[in-house]
Amino acid sequence: MISYQEFSDNADRVRERLLRACDACGRKADEVRILPVTKFHPAEAVIYAHRYGFSSVGENRVQEAESKMPLCPPDIKWELIGHLQSNKAASVAEHGFYRVQSADSEKILKKLNGALVLRRPNSENLRVLLQINAGADPAKFGADLSGAAALLEYALGSCPRLEVDGLMTIAPLDEDLDVAERCFENLRKCAEALRERFGVPLPELSMGMSADMERAVRQGATVIRIGTALFGEREAPQQH
Ligand SMILES: *Cc1c(COP(=O)(O)O)cnc(C)c1O
């Protein structure tokens, strides 16, 4: 694990990149939030992020997040960004995740809504983003672009304990950043079409990671999920 000083320098650099990216396309820097991705790093990574002033972190596995939660400041918000198996929905409801960015099927929406009813009957609803496979990548989870409307319709009509904040996507892994940017553009257009059709705000677009954040900002990202550029390389192999 890197030192706090190194982390803090990295965070300054990521914020600088974000500022420049916003400048380049005429957006305001406060329109885009950096979500530090702490997966595969120890709880210190979350503590660093909190100390620097970040209010949320992203984790891609329920169990890993749960093991860190007791070691971390209670006011940090946990966002799940990795594929959720339906047998983990109850855990998500119980452990006070703030948001699930990886709601990628009707099945998981149904499980999450049911788990909220049972396990969090009198507390806040769970916020979700619908994960859309906007790059049509066979290696990624998420609804197809053509299935996004049906997924939103199901969430709005059948899941009263879930609040849909917007959409999330993971770009295909490709050295050519134009591939990522096309994926982000698809997600932005998908959100625009859904807002029009359903009359809901869907303010959040979670897209862009360490390598492609500038392209995501250009296409309207409101949340960029940054791991490597903040915490350095991860030990374990990456899985989406
Ligand atoms: C790991 C991960 C990230 C962070 O990726 P970096 O390239 O390390 O910034 C972002 N989003 C998701 C869904 C991830 O799994």
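Predicted model: local features only at pLDDT ≥ 70, side-chain atom pairs only at ≥ 80, totals over all residues.

Colleague: How are strands defined, and which strand pairs with β5?

Modeller: Helices (H or I, at least four residues) and strands (E, at least two) are DSSP runs, numbered from the N terminus, and two strands pair if DSSP finds at least two bridges between them. Here strand β5 (residues 126-131) pairs with β6 in the parallel sense, over 6 bridges, and Val128 has Val164 in β6 as its bridge partner. Between these strands the chain passes through helix α6 (residues 148-158), and this β-α-β crossover is right-handed. That word means that, with the strands pointing away from the viewer, the path from the first strand over the helix to the second runs clockwise.

Colleague: What joins β6 to β7?

Modeller: Strand β7 (residues 204-206) runs parallel to β6 and is joined to it by 3 bridges; Leu205 in β7 is the bridge partner of Leu167. With helix α7 (residues 177-198), the strands β6 and β7 make a right-handed β-α-β unit.

Colleague: Is strand β6 enclosed or open, and how would I judge that?

Modeller: One counts buried residues, where buried means under 20% relative accessible area, exposed over 50%, and partly exposed in between (1.4 Å probe, protein chains only). In β6 (residues 162-168), 6 of the 7 residues are buried, so the strand is largely enclosed by the rest of the structure.

Colleague: Where else do parallel strands pair?

Modeller: β2 and strand β3 (residues 77-80) run parallel with 4 bridges, and Ser56 stands opposite Lys77 in β3. The crossover from β2 through α3 to β3 is right-handed. β3 and β4 are parallel too, joined by 2 bridges, and together with α4 they make a right-handed β-α-β unit.

Colleague: How do I read a helix such as α5, and which of its residues are buried?

Modeller: An α-helix has 3.6 residues a turn, so residues three or four places apart point the same way. In helix α5 (residues 106-119), the buried residues are Ile108, Leu109, Leu112, Asn113, Ala115 and Leu116. They cover an arc of only 160 degrees around the axis, which puts them on the same side of α5; the arc is that of the directions from the helix axis to the C-beta atoms. The face turned away from that buried side carries the exposed residues Lys107, Lys110 and Leu118. Among the elements that cover the buried residues of α5 are β5, α6 and β6, where contact means heavy atoms within 4.5 Å.

Colleague: What span should α7 have?

Modeller: The expected span is 1.5 Å times one less than the number of residues. The 22 residues of α7 should span 32 Å, and its end C-alpha atoms are 32 Å apart, which agrees.

Colleague: How many aromatic pairs are found in the whole structure?

Modeller: Rings of Phe, Tyr and Trp (its six-membered ring) pair if their centres lie within 6.5 Å, and planes under 30 degrees apart count as stacked, over 60 as edge-to-face and the rest as tilted. A search of the whole structure finds 6 such pairs. Phe7 and Tyr48 form a tilted pair, 5.7 Å centre to centre with 40 degrees between the planes, linking helix α1 (residues 4-25) to helix α2 (residues 43-52) across 41 residues. Both Phe7 and Tyr48 are buried. The rings of Phe7 and Phe231 have centres 5.1 Å apart and planes at 20 degrees, so this pair is stacked; Phe231 lies in helix α9 (residues 228-231), 224 residues from Phe7. Ring pairs link Tyr4, Phe7, Tyr48, Tyr52, Phe54 and Phe231 into a cluster.

Colleague: And where is Arg61 placed?

Modeller: Arg61 sits in the loop between β2 (56-59) and α3 (62-68), and it is partly exposed, with a relative accessible area of 34%.

Note on methods. Residues numbered from 1 in each chain as written. Heavy atoms only, no water.
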